[in-house]
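Hi,

Here is the structure I promised to pass along. My notes on a few residues follow below it.

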Amino acid sequence: MKPALRPDANIGQRNGSSEQSELFHGNRMQELMSDNNDRPKALGPNTQLVRAGYNPFDYHGFINPPVTRASTVLFPNAKAMERHEQKYTYATRGTPTTDALCEAVNELEGTAGTIIVPSGLAAVTLAFLAYLSPGDHALVVDSVYGNVRHFCDTMLTRFGVQVEYYDPSIGASIDSLFKPNTRLVHLEAPGSNSFEMQDVPAITAVAHRHAAVVTMDNTWATPLYFRPLDFGVDVSIQAATKYPAGHSDILLGTVSANAEHWKRLKYANGALGICGAPDDAYQVLRGLRTMGVRLERHQSNALEIAQWLEARDDVARVLHPALPSFPGHEIWKRDFKGASGVFSFVLAVARTDEFQAKAQAFLNALLLFGIGYSWGGFPSLALHVDLNDRRILPPPEEGPVLRLHIGLEDVVDLKADLEKGFSVARASR
């Protein structure tokens, strides 16, 4: 016969209230969830996303790190202030909340350090300002995000930096464009709106022979589907506004550098005083936890719709790197682990003077697709893109280019909505 238990003997084991049980379970959970430099390499991407950048037991066991809102940080005494003898000194240099996001991004990107800034554009411009000086020459892909081109053609030019645009398909032949003062090469793959692929390892190898820093906008793929530093890139840039945040309500950018280039990036950020807000960092941290499963849905929905569009007579071309028909497909297949939910297609329109009217008729007929900028959130979006700012790549001649971001809705409903657009565009004049 088993001895009778005291009335409270199993309370600690059942409810976790005894000191010994709490200590055991707490230590076990810390062991399972604490950072370990060897473990992330063996974890799957969704597991990594769930645990990246924080330890709940740093916050009394709470799953999400709290939002630390701050400007002033107090020091215990004057000597500590003089010597900066504590981790946090002023909120522009980070808070526990922003650091949690930076650590998560470092783990995903495989980088030495990350800066968060108020937007994706700010992330690119911070990197340019960190590594370029008056008299330098920079090579920027011609399919770059339009607002980055505007920054290059205005601010960088005013600061005495010469910017030259190159064909995204150039590969190792970019060597012919280098000058003695070339200091930076900027990539974006796939390219904005037209989705040209780039041979990243070939370009980075040439750039490093010339001692140039390589920056890359990796917003489309995220580090889940492409890790730039694994292919020779020095500085990886994301508009966390898109898939990391995932809900169309946050603006944030991340700039992540390897060990060689981290200190200069951090110095530039401190000099400029650009920083992301803790509340926004918290929201992006929450978004990261589900980014993997969301991307799977974005990818499958988008690919199904891209294939459906490709079979239509009223579509001249579909610009999606995961389609075998796309010119850069082999590079995408070689280097990328997946595709996201944004791509473009060329609406077949016979007369050039009808491009705009047909595009607008198509867009105005849509009900489920919102007409709006940005992408990466849960709802589907559509817009008419203007490629006339390109210096090297001519825009498609077969018709207007319409960019789609395929959200998390049911594909059958999205196809029906697009069908309305085609029907109205055909009937319009």
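C275 is partly exposed, at a relative accessible area of 31%. Keep in mind while reading that this is a predicted model.

On the cysteines: I found 0 disulfides in the structure. C275 is in no disulfide, and its nearest cysteine sulfur belongs to C102, 11 Å away. C152 is a buried cysteine, with a relative accessible area of 0%.

Next, E196. You'll find E196 in the loop between β4 (182–188) and α8 (200–209). Is E196 buried or exposed? Buried, because its relative accessible area is 18% and the cut-off for buried is under 20%. The E196 side chain makes a polar contact with the side chain of S194, at 2.7 Å. Setting aside neighbours within four places in sequence, E196 is in contact with S143, P168, E188, A189, P190, G191, F326, R390 and L393.

Then there's D99, which sits in helix α5 (residues 96–109). D99 also counts as buried, with 17% relative accessibility. Which residues does D99 contact once neighbours within four places in sequence are left aside? Those are K87, Y88 and G94.

That's what I have on these residues for now.

Cheers

Conventions:
Residues numbered from 1 in each chain as written. Predicted model: local features only at pLDDT ≥ 70, side-chain atom pairs only at ≥ 80, totals over all residues. Heavy atoms only, no water. Helix = DSSP H or I, 4+ residues; strand = E, 2+ residues; numbered from the N terminus. Buried < 20%, exposed > 50% of the residue type's maximum accessible area, 1.4 Å probe, protein only. Polar contact = N/O pair within 3.5 Å; in protein donor to acceptor, adjacent residues only side chain to side chain. Contact = heavy atoms within 4.5 Å. Disulfide = S-S within 2.5 Å.
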